[in-house]
Amino acid sequence: ATPIAILVGTGRGAQLGVLITGPEALESADRIDTVILDKTGTVTTGEMSVRGIDVLDADTHADTVAHLVASLEHASEHPVARALAALSATPASVEEFTGHAGRGVTGTVDGHAVFAGRPAFAETHTGALPDVVTAAVRRAEEAGATAVVAGWDGRVRAVVTVADTVRPDSAAAVSSLQGMGLHVLLLTGDNAGAAATAARAAGIDDVISGVLPEGKVAEIRRLQAAGRRVAMVGDGINDAAALATADLGIAMGGGTDAAVHASDIAVTGVGLAPVVTAIRLSRRTMAIIR
Ligand code: ADP
Ligand code: MG
């Protein structure tokens with residue numbers, strides 16, 4: 001039979017906006033020693049905005065970049081895509097849209113084969129990036145932003161700089177987790193500069209950046225192999241595999257269905273404070289049983 005304390009803990013959790021899938025989730029949450037936080041949408045608000053468009057092709061106008069890229073990104077739900085989609089209120093339709101998880105997007109807009117994504121993804125469509133492009137990418141990344149390399153018909157046309165904001169409660173939540181003796185890490189597909197900027201603002205010392213979605217799973221397995229008991233906190237489709245692999249998966253409030261389904265605990269509130277509540281509640285509940 002399920003101990004009363006677990007039922008009470010689960011019920012209390014629901015009141016506090018912490019939805020627990022079952023007794024195992026409370027036990028896992030009690031045992032973890034490491035908390036991995038996804039960056040975009042977890043430590044940050046995930047509401048990104050365009051900071052600038054560097055047009056790097058003499059024959060191309062910034063309005064054309066905005067129109068073609070925004071049209072393409074209307075078909076994607078990634079936070080980067082939502083920022084870029086806002087560049088056009090009247091998007092054209094996209095044919096053969098493909099989302100490449102953790103990399104970028106491709107499709108045909110107004111007869112052009114358009115791509116937008118991380119620098120290495122753009123390179124697969126154009127070959128080695130020209131120096132002006134890598135320089136613009138470096139500037140964006142050093143400023144702590146995300147550089148989206150965009151172009152069409154086999155040529156890079158622009159670097160669009162996108163940035164997001166650390167959630168106002170992230171630093172306090174990270175500090176609480178650390179105060180509970182938990183080792184906190186930031187894990188992101190975004191570049192090292194953007195990752196370091198978010199980590200600094202949130203008070204996180206350990207950062208793993210530039211990883212593809214499948215690389216997130218590998219990082220968790222590596223930590224588990226080293227004896228760590230790992231909680232993963234994420235919100236996106238791209239976090240689902242990592243959430244399922246971790247000893248404890250926690251889906252953020254407002255997270256995608258894929259993230260919720262892959263998780264042991266889903267929180268309903270805003271930001272990271274409910275995650276702290278979830279782990280604290282699990283510890284208290286298990287302490288009562290012991
Ligand atoms: P995170 O781990 O921060 O949630 P992802 O793994 O989803 O990030 O994405 C990693 C990187 O891939 C992004 O920082 C961005 O450069 C690029 N990317 C992903 N999706 C898109 C998109 N729809 N448009 C442009 N770039 C994208
Ligand atoms: Mg995310």
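**Exercise 1: a pair of strands**

Ala-251 faces Ala-266 of strand E13. The model is a predicted one, in which local features need pLDDT of at least 70, side-chain atom pairs count only at pLDDT 80 or more, and totals for chains, interfaces and linings use all residues. Residues are numbered from 1 along each chain as its sequence is written, while chains are lettered from A and ligands numbered from 1 in the order in which they are written.

Task: find how strand E12 is joined to strand E13.

Solution. Start with the elements: helices (H or I, at least four residues) and strands (E, at least two) are DSSP runs, numbered from the N terminus. Next, locate E12 at residues 248-251 and E13 at residues 265-267. Two bridges link these strands, which run parallel; strands pair if DSSP finds at least two bridges between them.

**Exercise 2: two helices**

Task: describe how the axes of H1 and H13 cross.

Solution. Take H1 (residues 4-15) and H13 (residues 273-289): their axes come within 9 Å and cross at roughly 160°. Axes are lines fitted to C-alpha atoms, for helices over the stretch in contact, and angles run from 0 to 180 degrees between N-to-C directions. Therefore H1 is roughly antiparallel to H13 (angles over 145 degrees count as such).

Methods
Parallel < 35°, antiparallel > 145°, perpendicular 65-115°, else oblique.
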